2 protein chains.
Amino acid sequence: MLEDKNPQLTPISQYGEFGLIKHLTENFSFRNESTEISIGDDAAVIDPQGQKVVITTDVLAEGVHFNLGYVPLKHLGYKAVAVNISDLAAMNATPTQILVSLAISNRFPVEALEEIYEGIALACERYKVDLVGGDTTSSTSGLVMSITAIGLEHSENLVGRTGAKAGDLLVVTGDLGGAYMGLQILEREHSVYLANPNMQPEMEGYDYILQRQLKPEARTDIKNTLKELGVQPTSMIDVSDGLSSEILHLSDQSKVGFRLYESKIPMDPLTMTTADELNLNPVMCALNGGEDFELLFTIPAADYDKIKNHPDFTIIGHVTPVEEGNYLVAAGSNELIALNAQGWDAFLNR
Amino acid sequence: MLEDKNPQLTPISQYGEFGLIKHLTENFSFRNESTEISIGDDAAVIDPQGQKVVITTDVLAEGVHFNLGYVPLKHLGYKAVAVNISDLAAMNATPTQILVSLAISNRFPVEALEEIYEGIALACERYKVDLVGGDTTSSTSGLVMSITAIGLEHSENLVGRTGAKAGDLLVVTGDLGGAYMGLQILEREHSVYLANPNMQPEMEGYDYILQRQLKPEARTDIKNTLKELGVQPTSMIDVSDGLSSEILHLSDQSKVGFRLYESKIPMDPLTMTTADELNLNPVMCALNGGEDFELLFTIPAADYDKIKNHPDFTIIGHVTPVEEGNYLVAAGSNELIALNAQGWDAFLNR
């Protein structure tokens, strides 16, 4: 599990709570002028510089959101930050600070925490955010990470979930279903390993989908791209629980319906071939798989020309009046299939 | 454990993740103009209205910070909020919003979550804060709560930990050691109960210290009191880990020493008599017990007259140059005893 196979592991108790936080965070530097006071006081202080404060929190629990049998701790730290940053990207806000809370069993050595914080540091660098606080405590079992991410943004740039209007176009970034497919490969190889620890895992050729699962990226780039194109979404959400579930959220909060075209859903060729190999329907994986962390948004139809040929975007449907409901238009037959929220749910998928 | 012994308990899976959050939070109302967008979008949006944003987070883990054998869930919800609000009070900031993250095992029914949220709602009312976000997920075992609290404040009112100067007075609010003593009683009676479930717990007469442990209050009142008295602390911290540990934090961050007078440490008579009953040294309980959530601060000596007879405050020592170290001046003998950080540490006290 640890990349450095150093047998001299350090028990967490050697540091104590304050020493541990100091040790784990002493190499973090600051990038944002808005960070005034960070770790080391009762609370952090942020100067919003005339902007609104956007704030979100997400929990990742061992055995529910990740399996340490195949998720490296450094990736876990990175991903925990990225999924929160993704929520800020979905508001069209600029990420600025994070707070990290960890409940961790004493079975983990200090070196394990160091790896998690290495991943957190990488994500802080990648997304230009400052680690300004947190709490580290023991738990009676397992590892639970809770991250709070803060962004600052001028009011007029923020995008909620309530502004979609009938006639708007439905647009998604990147491609879908890959993260779920990567998870299937990781679980398959982990089962093989558990059955026979001498078997080498067969991960070759699956790089893209494994990366989608283990090291997802938040689409913080989209904010600038849309600005350059002169497009302001009318509503936006990130695809964390599957396309179907996210469309239903926008439907619910904007009081509109959606038509989603099966033939338009963007998928990577590796997602398609792996689905084929595993006897899965790739469209179902995109609809219900989740964890792709792409952005799903609506734009006025008048903006069609601005984005139609852009490599980051795919137009996958349109908005209808609410009474027309939410449907997938099947490829070929044009049959209407009701969308339902079978998205990933931490309480059901166990 | 549940106050309402209704045998018709609801499994969490009946709601699913989104339904559950909606169900638990639908009765929360909003008190603060600064709350613009709350639960139901990718992130909450706060309008700081020209103020600085103060933010803190704390984790409470089952079996480490609380034992559900004797901590009612409603109290747990209340306390989890109060301890975070206390960190904001220690910055002299005005609390405005909270985010609540819960990782909870499927062994808990929905009714258990409802009780936790009832306690959270009570705390929101008491401290005039809005619940603006969070995440609820399952865990493979136990209950972990992570709360993030946000406050807004004008720069000039904020008090950090770095401003104490030699000659300043050391002041504490309320009384100390009670929360620790309450915990001793709870643990004693819980042991008796485990040995013989037919025994009635003997809790009578211990009300004050039990309340200090089970339903601590953040001293958000002190901000106004100090303002009315015209006193601005030079440094401040809340007493969450014990007086000794907090003094050492102020010492470390203000680069000063402290003299603490044993005879001045404020303690409730019930704390003293219970300590006597349990054969504990009450001063040690105040120094190392923690969880009193009183405020500890330094003020210029010139402000002595402003607070000397105020019922909320006790002057317990003074600030020295850093090279004079941190010492307890023993009652009677005036012997100097070095202060050390034996405060409550989640990684050691298990």
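Reader: What should I know about the model before we start?
Author: It's a predicted model, where local features need pLDDT of at least 70, side-chain atom pairs count only at pLDDT 80 or more, and totals for chains, interfaces and linings use all residues. Residues are numbered from 1 along each chain as its sequence is written, chains are lettered from A and ligands numbered from 1 in the order in which they are written, and side-chain values use heavy atoms, leaving out hydrogens and water.

Reader: Which rotation superposes chain A on chain B?
Author: The copies are superposed by least squares on the C-alpha atoms of residues with pLDDT of at least 70 in both. The shift along the axis is 0.0 Å and the RMSD is 0.0 Å, with a rotation of 180°. The two copies are thus related as by a two-fold rotation axis.

Reader: Is S139(B) buried or exposed?
Author: S139(B) sits in strand β5 (residues 130–139) of chain B; strands are DSSP runs of E, at least two residues, and helices are runs of H or I, at least four, numbered from the N terminus. Buried means under 20% relative accessible area, exposed over 50%, and partly exposed in between, with a 1.4 Å probe and protein chains only. S139(B) has a relative accessible area of 4%, so S139(B) is buried.

Reader: At what angle do the axes of α2(B) and α3(B) cross?
Author: Axes are lines fitted to C-alpha atoms, for helices over the stretch in contact, with angles from 0 to 180 degrees between N-to-C directions. Those of helix α2 (residues 73–89) and helix α3 (residues 110–127) of chain B come within 6 Å, and they cross at roughly 40°.

Reader: Which residues does E189(B) touch, leaving aside those up to four places away in sequence?
Author: E189(B) lies in helix α4 of chain B and, at 5% relative accessibility, counts as buried. The C-alpha atoms of E189(B) and M203(B) are separated by 7.8 Å, though the two are 14 residues apart along the chain. With contact meaning heavy atoms within 4.5 Å, E189(B) touches Q200(B), P201(B), E202(B) and M203(B).

Reader: Which residues of helix α5 in chain B are buried?
Author: Helix α5 spans residues 207–214. Its buried residues pack against α2, α4 (178–195) and α8 (269–277) of chain B. They are I209(B), L210(B), R212(B), Q213(B) and L214(B).
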